[in-house]
Amino acid sequence: RALSDAGHQVTIMEARDRIGGRLWTSRAWPDLPIDFGASWIHGPKGNPITALAEEASAATVLTRFDGASFAIDPALGVENSGAAWAEARLDKAFAWAEEQDADVSMRAALAKAGKLAPKQRAQMDHYLAANYELSYGGSLDQMSAWTIDDNRETEGDDLLFPGGYDQIARHLAKGLTIKVGHVVHSVEWRDTGVTVRCTNGADFAADYAIVTIPLGVLQAGDVAFSPALPPAKAKAVETLGMGLLNKHFLRFDKAYWPEDADWHELMKPDAAKWSQWVSFTRVADAPVLLGFTGADAARAVETMDDRAILAEAMAAVRTMFGSAVPDPQAHQFTRWSKDPFTKGAYSFNAVGSGPADRRAVGKGGDRLLFAGEACSADHPGTVHGAYLSGLAAAKAVA
């Protein structure tokens, strides 16, 4: 968009039959757009997506995380004691990790913070799932104890798009030349220009190419680069982690839960699935619950069919809101690691990786540049991080 507005001729090769990538709004329910990918403007103050939403006349609504309802699986036999002690224990684990000569996983660092009684373990697992495994999409065995929280946050309460996040993609795409259904299989880059080749036989020659392939696809090697990517970039691509967060939307005939709360939590075994829920009753006037699965738990759930997933999800819902809650009238589930054009949800700092690797992935050459959330050292895993990296790449080309 920025390059086109500056007078440059731009052609976009899009593998899918739709634009937006991980901005994917399902309209299977005509009266209720559902965002399979990004949902929120995280911290709207000073966030460029806030300005884009205003330009696009895309309405937003505030979602409240305070006042969440909280339930506990009776089988655990524990109480919710708050997060203060869990945060203190995690700080102790991180402090131990900082003293080591090499990076370690969060799980390894937590093991050095001392053993936990079973009840404490349940509380700690819930805290870690909510704040790390579901937030970053990585497992405790994968996430870096040194750099997992190395990012900047914009301020303000999160905003949701009742009309769908794809409004932003459509706004940016106006007037652009976009070739949908063009799966790129190779990129040749030389001092004189680039050639992009697609599986349908189409070739495109240009002065420059900006590559916005998700990290998971770069890691899989589905696109060949000739010559090969520089060693530092290739190593950074390999070292960073590609996380997984899936969404499971359940639509009921009416709300069977507190309608004034946007967020619902369930402390349960295997906390990386069905422990965090969002209600759309207040924000969209719809009796819909959204349940999350993340990291390794999400990969396991993805192998199940919809009927089995629904049974697991409803077991959690009935633990929270009572056994009389009926099955939903309809459902929609995501399986992001099975998507060939993402192979995951968004990137995270795996053991041995950090902001420097993101800068290495995003570093451009004379003719070949890179952008996307994995390239953002300050705002990884976010729409605004991806957007800002794209502006930086466009500025470098211009």
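User: Which side chain does the side chain of His379 make a polar contact with?
Analyst: That of His384, at 3.5 Å. Keep in mind that this is a predicted model.

User: Where is His379 found?
Analyst: In the loop between strand 21 (368-370) and helix 13 (383-397).

User: Is His379 buried or exposed?
Analyst: Buried. Its relative accessibility is 13%, and the cut-off for buried is under 20%.

User: What lies 3.1 Å from a polar atom of the His379 side chain?
Analyst: The backbone oxygen of Arg152.

User: And which residues does His379 touch?
Analyst: Leaving out residues up to four places away in sequence, His379 touches Arg152, Thr154, His384, Gly385 and Leu388.

User: New topic, cavities. How many are there of 30 Å³ or more?
Analyst: Two. The largest cavity holds about 100 Å³ of space. It is lined by 14 residues, and Pro33, Asp35, Leu160, Phe161 and Phe280 are the closest to its centre.

User: Which strands and helices each supply at least two residues of that lining?
Analyst: Strand 3 (34-35), strand 15 (245-251) and helix 9 (281-284). By class, the lining of the largest cavity has eleven nonpolar residues, one polar and two charged.

User: What volume does the second largest cavity have?
Analyst: About 60 Å³. Its lining residues include Arg22, Thr212, Glu373 and Cys375. Eight residues of this lining are nonpolar, two are polar and two are charged.

User: Cys375, then. Buried or exposed?
Analyst: Cys375 is buried, because its relative accessible area is 13%, and under 20% counts as buried. Cys198 is buried too, at 3% relative accessibility.

User: Let's move to pockets. How much space lies in the second largest pocket?
Analyst: About 230 Å³. Its lining has 18 residues, and those nearest the centre are Asp125, Glu133, Asp270, Ala271 and Ala272.

User: Which helix gives the largest share of that lining?
Analyst: Helix 5, with five residues. Helix 5 spans 118-136, and helix 10 (295-302) also supplies at least two lining residues.

User: How many residues of each class are in the lining of the second largest pocket?
Analyst: Ten are nonpolar, one is polar and seven are charged.

Key
Residues numbered from 1 in each chain as written. Predicted model: local features only at pLDDT ≥ 70, side-chain atom pairs only at ≥ 80, totals over all residues. Heavy atoms only, no water. 1 Å grid on protein atoms, 1.4 Å probe; cavity = no way out; pocket = protein on both sides within 12 Å on 5 of 7 lines; lining within 4 Å. Points joined across faces, edges and corners; volume = space filled by probe spheres on them. Helix = DSSP H or I, 4+ residues; strand = E, 2+ residues; numbered from the N terminus. Nonpolar A, V, L, I, M, F, W, Y, C, P; charged D, E, K, R; others polar. Buried < 20%, exposed > 50% of the residue type's maximum accessible area, 1.4 Å probe, protein only. Polar contact = N/O pair within 3.5 Å; in protein donor to acceptor, adjacent residues only side chain to side chain. Contact = heavy atoms within 4.5 Å.
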